[in-house]
Amino acid sequence: MGDTKFCELKPKDRAGVINPIFTCQPAGAQYASIGVKDCTAIVHGGQGCVMFVRLLFGQQFKENFDIASSSLHEDGAVFGATKRVEDAVDVLLMRYPEVKVVPIITTCSTEIIGDDIDGVVTKLNKGLLKQKYAGREVHLIPMHTPSFTGSMITGYDLAVKDFVEHFAKKTEPNGKLNLLTGWVNPGDVTALKHLLAEMQVDATVLFEIENFDSPLMPDKSAVSHGDTTIEDLQGTANAIGTLALNRYEGAQAAQYLKSEFDVPAIIGPTPIGIRNTDIFLKNVSAMTGKPIPRSLVEERGRAVDAIVDLSHMFFADKKVAIYGNPDLVIGLAEFCLDMEMKPVLLLLGDDNPSYKNDPRIKALQENVDYKMEIITNADIMDLESRIKNKEVELDLILGHSKGRWTSIDNGVPMVRVGFPTFDRAGGYRHPVVGYAGAIWLAEQMANTIFTDMEYKRNKEWILNVW
Amino acid sequence: MDETMKEKIEILADYIMHRCLWQFHSRAWDRERQNAQILGVAKQLLLGEEPDLSTPELKCYWLDGFHLAKGFRQRFDWVNQMSKEELATLMDGLKERVDYLTIHGSLNKELTVAAY
Amino acid sequence: MPYHTFKCSECIPERAMHAVVKGPGEDLTSCLPLGYLNTIPGTISERGCAFCGAKHVIGAPMKDVIHLCHGPVGCTYDTWHTKRYISDNDNNQLKYAWATDVKEKNVVFGAEKLLKKTIIDTFKAQPHLKRMTIYQTCATALIGDDMDAVAREVMEELGDVDIFVCNAPGFGGPSQSGGHHKINIAWVDQKVGTKEPKIESDYVINYVGDYNIQGDAEIMCDYFHRMGIQVLSTFTGNSTFDELATMHRAHLNVLECARSAEYICNELRVRYGIPRLDIDGFGFDLLNESLMKVAMFFGLEEKAQKIIDEENARWRPELDWYARRLKGKRICLWPGGSKLWHWAHVIEEEMGVKVVSVYSKFGHQGDFEKGVARCSEGALAIDDPNELEALEAMEELKPDIILTGMRPGEVAKKIRIPYLNIHAYHNGPYKGYEGWVRLARDLYNAIYSPMYQLAAIDISKDEIPLERGFRSRRMISDVTLSPEEANVEGEHPYTGEYDNVTRLRTKVYPELEAQRAKHQEAAEEVLVPAK
């Protein structure tokens with residue numbers, strides 16, 4: 001123990017990417033933008049930067065989300081395209097009277113040509129919005145997300161901060177918690193709100209995305225969109241505290257609220273698994289002074305009960321590879337350890353230099369007693385090549401659908417978790433956070449392993465009695 | 001040209017528009033060539049003449065022209081009743097009409113763009 | 001004037017001439033929307049970019065190629081897992097996505113070194129792949145990397161690899177189509193003629209403009225092979241890099257999607273004298289004629305007739321079963337490009353549906369000429385549609401189904417209109433005789449879905465029938481048919497397999513084998529001259 005050689009943190013050693021884990025920054029900002037009510041972002045770049053991201057969200061949720069584009073073409077790329085942003089704002093506002101919030105999200109192309117979108121926003125605020133849209137509440141928020149910096153993770157983090165920075169306004173204390181969920185699914189928000197409701201805690205959730213799972217209504221009235229309002233965002237300055245569940249998705253906003261408005265902030269841990277959910281509840285309790293009620297003790301008990309049935313009989317020493325959003329990957333790894341599994345390979349899809357300072361990663365390095373690799377700037381080929389070269393022997397993969405062929409072609413069972421999950425039905429509906437998430441994850445893992453045992457005729461008879 | 005001939009031309013032009021693709025190559029000069037060659041072959045076949053199949057290119061025009069003439073004869077029995085003179089007038093009028101629809105009267109602004 | 005103004009677009013004068021209604025007496029000289037113009041910012045258009053037109057639509061179906069996008073990671077990530085172009089080599093092109101992953105320092109100092117290292121490392125990581133296409137993106141076009149120079153350098157250093165360079169950045173053109181054009185021309189310029197094929201038949205074609213969506217191209221090749229025709233390449237679905245480099249040796253280019261691939265056919269005609277024959281692979285009647293045309297070029301009429309007779313006899317009764325039940329159903333035919341004209345008329349003729357609207361996301365006016373010419377009176381044709389216009393059109397036209405992409409399909413779902421995926425297909429392939437029946441089947445299944453009936457019920461106020469716990473499609477579709485119509489002797493629903501493509505890959509073609517043997521013999525005679 002304590003010997004760091006067991007757990008190495010290192011970057012991928014191949015140039016380029018084969019099967020990326022993440023997409024680029026603007027996609028993260030776009031994901032944040034659809035969480036805000038009456039908000040339609042304009043992505044300043046080529047049409048593809050929007051069309052395919054919308055398709056990605058469409059695949060994830062089997063729903064449509066509206067995001068606009070400045071539709072950069074050749075002339076704009078040569079001569080600058082700020083006029084196209086002005087036109088886009090006008091056209092969007094004319095045709096979508098409910099739109100109040102318009103993030104203007106940059107891309108690689110428009111950052112390289114150096115379009116001054118902050119200047120455009122100032123100009124529009126003084127001109128178009130004052131004249132043509134006088135009396136209408138419109139917020140234009142520049143968001144600089146060049147695709148060659150960071151990843152969709154930093155893009156999301158930055159957009160959350162930009163939203164908060166634009167709106168947060170100190171007035172009267174509202175007695176609420178700010179809950180920055182990070183990049184999660186509707187099912188996660190439901191699970192988190194349930195925990196807070198049991199604690200009798202009122203929270204501002206960034207973002208209210210339960211409606212991404214929207215109904216098909218007989219009166220055709222429903223569409224999928226986020227429900228976080230301008231007032232919610234304004235009120236974040238007046239909260240009793242901020243809980244940012246993810247270190248890499250929302251923490252900047254929490255820090256901003258702390259430094260600007262003295263709103264106390266706790267960052268992490270991601271409440272995946274029993275232990276991290278416990279810490280989350282203790283943090284909520286500490287911030288609000290509310291006790292953890294017996295109902296949650298029982299709920300926790302049910303989750304522990306379910307997992308105890310699985311862990312040392314089926315999970316013990318099973319080797320797991322995990323890839324995806326960094327907080328998710330780390331949270332899942334921690335949960336796997338609690339369930340007696342061995343996460344042997346963690347893949348983080350970007351080159352964020354602060355991973356090496358992450359206390360959770362340090363803790364893994366200090367305490368893991370078997371060979372574990374944590375690869376940064378990783379791609380899914382880092383997983384595939386290790387399987388093919390027999391550098392790792394895996395019992396299970398935890399990751400999103402982009403790695404589906406690595407599982408299929410190499411015969412390693414995989415639980416779909418994270419974004420995007422498009423090759424399994426309804427993934428977005430199930431939480432990975434909270435006690436409910438712990439149960440769902442554990443049982444998905446177990447059932448996936450069981451099915452694999454049956455396909456491969458690998459001690460499938462063991463389930464004859466259970 | 002009498003009214004019935006005009007109507008007949010319109011019927012055949014409509015048949016081409018609904019069924020064929022050869023008249024819609026992307027530039028005016030291509031369309032002129034396609035229309036002349038393929039409608040030319042169809043006219044020859046309807047008049048009982050032998051089209052020139054001596055090069056692959058001519059043979060390819062013949063494929064479309066052959067099926068056009070065949071389609072006319074199958075679907076519009078009145079074609080089979082026409083004299084050679086009438087057929088010649090019909091096909092010349094048809095060529096003029098198709099040229100108008102696809103080239104001279106076309107609203108397609110790309111027809112004259114120099115590069116493909 | 002036939003121009004249609006959407007209420008939602010009255011405030012954008014630039015949209016005024018982008019939609020037309022084909023009214024009585026209208027023809028192409030009075031009724032044609034504008035097309036292929038720069039997208040109007042902020043409209044929420046459905047267009048993609050020129051990069052995706054080049055890489056995602058045309059380049060990436062090549063099946064033994066490393067498709068390396070030179071740029072930040074998003075361009076490759078976002079266009080990955082969005083298509084169903086399969087191949088017979090275990091779907092290499094679906095499984096992998098490659099990028100140089102350009103970062104800020106590369107933008108500042110140039111990314112050519114990164115490109116070179118990535119090319120080399122990638123070939124090393126996947127040594128079984130020896131062919132590569134590198135795609136420019138917005139970022140690397142703007143910083144001005146010389147990808148051609150890097151490609152030449154690496155080819156010289158590594159010796160056994162071949163690299164194709166595609167310079168079609170996202171901003172390069174009003175729509176995807178800009179990229180189609182650039183990659184077509186680049187391929188002819190750089191690669192066609194650099195490899196020589198083994199000619200194995202007297203009858204040699206390229207099948208151009210088919211991307212093997214769910215196996216479309218393989219279905220068409222089955223017909224050609226049954227006639228003894230050698231298909232040198234399919235541009236580009238299910239083809240190898242090297243096959244496509246031999247396109248110059250075909251006797252005939254058989255062109256399917258004239259939007260994405262007419263450029264290469266035009267160039268091959270001018271440069272190599274290969275004639276271009278435009279065909280329709282969809283619909284019984286048009287396919288009959290198309291196969292016969294190809295056959296006639298080679299004098300294979302009897303062989304074609306045999307296929308036509310067999311296929312029509314096998315599948316017609318199934319098509320008719322569906323057509324009887326699809327009669328009068330209103331459809332919006334809303335593809336990206338070519339199905340606009342390939343389907344507009346024949347789907348009405350053979351399935352009895354009514355096409356109430358056509359649109360194209362990225363087409364040119366030439367595409368609308370074909371589409372408007374082929375669609376019936378009253379149809380609404382829309383260029384570069386946007387979200388609100390599509391919604392308005394659906395509200396006005398009240399279609400029974402829309403044929404479009406996955407995401408617009410989700411928009412339609414919310415207003416209780418089923419959709420069928422026209423890009424990736426629901427359960428294709430849709431080409432060929434059996435494919436056309438599969439399309440009819442999928443339309444029928446969507447339109448008569450019991451779930452969509454349930455979706456319309458408001459249990460808080462509507463009466464619901466309590467006598468039965470289910471309702472089948474047939475119980476819904478056949479209520480308007482007389483017993484005689486509902487039970488026509490010989491007509492029945494689809495009886496094919498779930499996967500009707502894989503078995504073709506091991507099929508033996510006697511006509512083609514005979515041609516091969518003949519050419520093999522001739523080749524041997526050349527090597528060993530007869531005494």
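In chain A of this predicted model, ring pairs link nine named residues into a cluster: Tyr31(A), Phe57(A), Phe61(A), Phe65(A), Tyr156(A), Trp183(A), Phe212(A), Phe419(A) and Tyr428(A). Over all chains, a search of the whole structure finds 44 aromatic pairs. One of them joins Phe61(A) and Phe65(A) edge-to-face, with 5.7 Å from centre to centre and 70 degrees between the planes. Phe61(A) and Phe65(A) are both buried.

I turn next to charged side chains. The structure holds 92 salt bridges over all chains. In chain A, Glu8(A) pairs with Lys10(A), and their closest N and O atoms are 3.8 Å apart. Glu8(A) is partly exposed, with a relative accessible area of 40%, and Lys10(A) is likewise partly exposed, at 26%.

A second salt bridge in chain A connects Lys100(A) with Asp38(A), the closest N and O atoms being 3.2 Å apart. This pair links distant parts of the chain, as the two residues are 62 residues apart. Lys100(A) sits in the loop between helix 4 (82–95) and strand 5 (101–106), whereas Asp38(A) sits in the loop between helix 1 (25–33) and strand 3 (42–44). Lys100(A) has a relative accessible area of 29% and is partly exposed; Asp38(A), at 21%, is partly exposed too.

In chain C, the side chains of Arg316(C) and Asp320(C) meet in a salt bridge of 3.6 Å, N to O. Why are Arg316(C) and Asp320(C) separated by about one helical turn? They are 4 residues apart in helix 13 (residues 301–326) of chain C, and therefore about one turn lies between them. In general, an α-helix has 3.6 residues a turn, so residues three or four places apart point the same way. Arg316(C) is partly exposed, with a relative accessible area of 29%, as is Asp320(C), at 23%. Elsewhere, salt bridges that share partners build one network, whose members include Glu8(A), Lys10(A), Lys12(A), Arg14(A) and Lys371(A).

Let us now consider helix 8 of chain C, residues 176–190. Its 15 residues reach 21 Å from the first C-alpha to the last, close to the 21 Å expected at 1.5 Å a residue. Is this helix largely enclosed or largely open? Of its 15 residues, 11 are buried, so helix 8 is largely enclosed by the rest of the structure. Among the buried residues are His180(C), Ile183(C), Trp187(C) and Val188(C). The elements of chain C against which the buried residues pack include helix 1 (50–59), strand 4 (131–136) and helix 11 (258–272).

As to the chains themselves, 2 pairs touch, and the most contacts are between chains A and C. Chain A and chain B do not touch, their nearest C-alpha atoms being 17 Å apart.

Lys293(C), in helix 12 (residues 284–298) of chain C, has 8% relative accessibility and counts as buried, because buried means under 20%. Beyond its neighbours within four places in sequence, Lys293(C) is in contact with Leu63(B), Asp64(B) and His67(B), and also with Leu277(C).

I close with the surface of chain C. Ile459(C), Ile464(C) and Leu466(C) form a nonpolar patch there, with about 370 Å² of accessible area together. Ile459(C) lies in the loop between helix 20 (450–455) and helix 21 (473–477).

Terms used. Residues numbered from 1 in each chain as written. Chains lettered and ligands numbered in written order. Predicted model: local features only at pLDDT ≥ 70, side-chain atom pairs only at ≥ 80, totals over all residues. Heavy atoms only, no water. Patch = residues over 30% accessible without salt bridge, like charges linked within 9 Å, V, L, I, M, F, W, Y side chains within 5 Å. Areas by Shrake-Rupley, 256 points an atom, 1.4 Å probe, with all protein chains shown as cover. Salt bridge = Lys/Arg side-chain N within 4 Å of Asp/Glu carboxyl O. Expected span 1.5 Å × (residues − 1). Buried < 20%, exposed > 50% of the residue type's maximum accessible area, 1.4 Å probe, protein only. Contact = heavy atoms within 4.5 Å. Phe/Tyr/Trp six-rings, centres within 6.5 Å; stacked < 30°, edge-to-face > 60°.
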